[in-house]
Amino acid sequence: MKQLKFKHFLPVIITIVLLVFFYQLLNKDVTKLSSQLIEKPVPTFNMSTLLEEGQSFSTSDILKSDVALVNIWASWCIPCRSEHEILMLLSRMEGLDLYGINYKDKNESALNFIKTLGNPFKKIGVDRNGRSSMVWGVYGVPETFIVHKGTVIYKHIGPIHMNELEEIILPILGDIL
């Protein structure tokens, strides 16, 4: 009987290692990516507004609200369109101020988006080049932050679905409102 050599098992070992690696990679929930902003003050930013010409949207606007929700969105973002109904629901909550940051979008497209779907936001900032969103640590759109008394307490990556609203967002808001 021939003795089996290590080199015969090498392809099997490599395949097993790769399968374990890809399983771990695919099993990660991207909505749970950490944020450097959690438990930190709202980042410093200043940008023009979408709806009020000559006005600005900045850190000081958010600091005026006891509880704020900041949503980074774009008209070209299909998930942003799907979560918009949830934002409209949240805008009716007493004591919660919603702010929007329109990300790398054309003003005309963003205005049409708001006109068609409704405006849940107290103010909408325009971030044409994405620099202001970078200070928030944004990976892509949509992303949503909950701010309590000037401190970021939660970051949600991706669209907010109804089950996430009920299981995550509303309990957090219920604790602070």
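**Reading the features**

Reply: Let us begin with accessibility, bearing in mind that this is a predicted model. Asp97 has a relative accessibility of 22%, so it counts as partly exposed, since buried means under 20% and exposed over 50%.

Me: With which residue does Asp97 form a salt bridge?

Reply: A salt bridge is read from the closest N and O atoms of the two partners. Asp97 pairs with Lys122, and these atoms are 3.5 Å apart. The two residues belong to distant parts of the chain, 25 residues apart: Asp97 lies in strand S5, Lys122 in the loop between H4 and S6.

Me: How many salt bridges does the structure hold?

Reply: There are three salt bridges. Another one joins Glu143 to Lys155, with the closest N and O atoms 3.2 Å apart. This pair also links distant parts of the chain, from strand S7 (residues 143–148) to strand S8 (residues 151–157), 12 residues apart. Glu143 counts as buried because its relative accessibility is 0%, and Lys155 counts as buried because its value is 6%. In a further bridge, Asp61 meets Lys123 at 3.1 Å between the closest N and O atoms. Here helix H2 (residues 59–63), which holds Asp61, is linked to strand S6, which holds Lys123, across 62 residues. Both Asp61 and Lys123 are buried.

Me: Which residues of helix H4 are buried?

Reply: For a helix, one asks where the buried residues point. In H4 (residues 107–117) they are Ala110, Phe113 and Ile114. Viewed down the axis of H4, they fall within an arc of 90°, so they line one face of the helix. Glu108, Lys115 and Thr116, on the other side of H4, are exposed. The cover over the buried residues includes strand S4 (67–73), helix H3 (78–90), strand S5 (97–103) and strand S6 (123–127). After H4 comes Gly118, with a positive phi near 105°.

Me: How is a pair of aromatic rings described?

Reply: The description uses the distance of the centres and the angle of the planes. The count here is six aromatic pairs. For Trp136 and Phe145, the ring centres are 4.9 Å apart and the planes are at 50°, so the pair is tilted. Both residues are buried. Together with Phe45, Phe57 and Tyr99, Trp136 and Phe145 form one aromatic cluster.

Methods:
Residues numbered from 1 in each chain as written. Predicted model: local features only at pLDDT ≥ 70, side-chain atom pairs only at ≥ 80, totals over all residues. Heavy atoms only, no water. Buried < 20%, exposed > 50% of the residue type's maximum accessible area, 1.4 Å probe, protein only. Helix = DSSP H or I, 4+ residues; strand = E, 2+ residues; numbered from the N terminus. Arc of directions from axis to C-beta. Contact = heavy atoms within 4.5 Å. Phe/Tyr/Trp six-rings, centres within 6.5 Å; stacked < 30°, edge-to-face > 60°. Salt bridge = Lys/Arg side-chain N within 4 Å of Asp/Glu carboxyl O.
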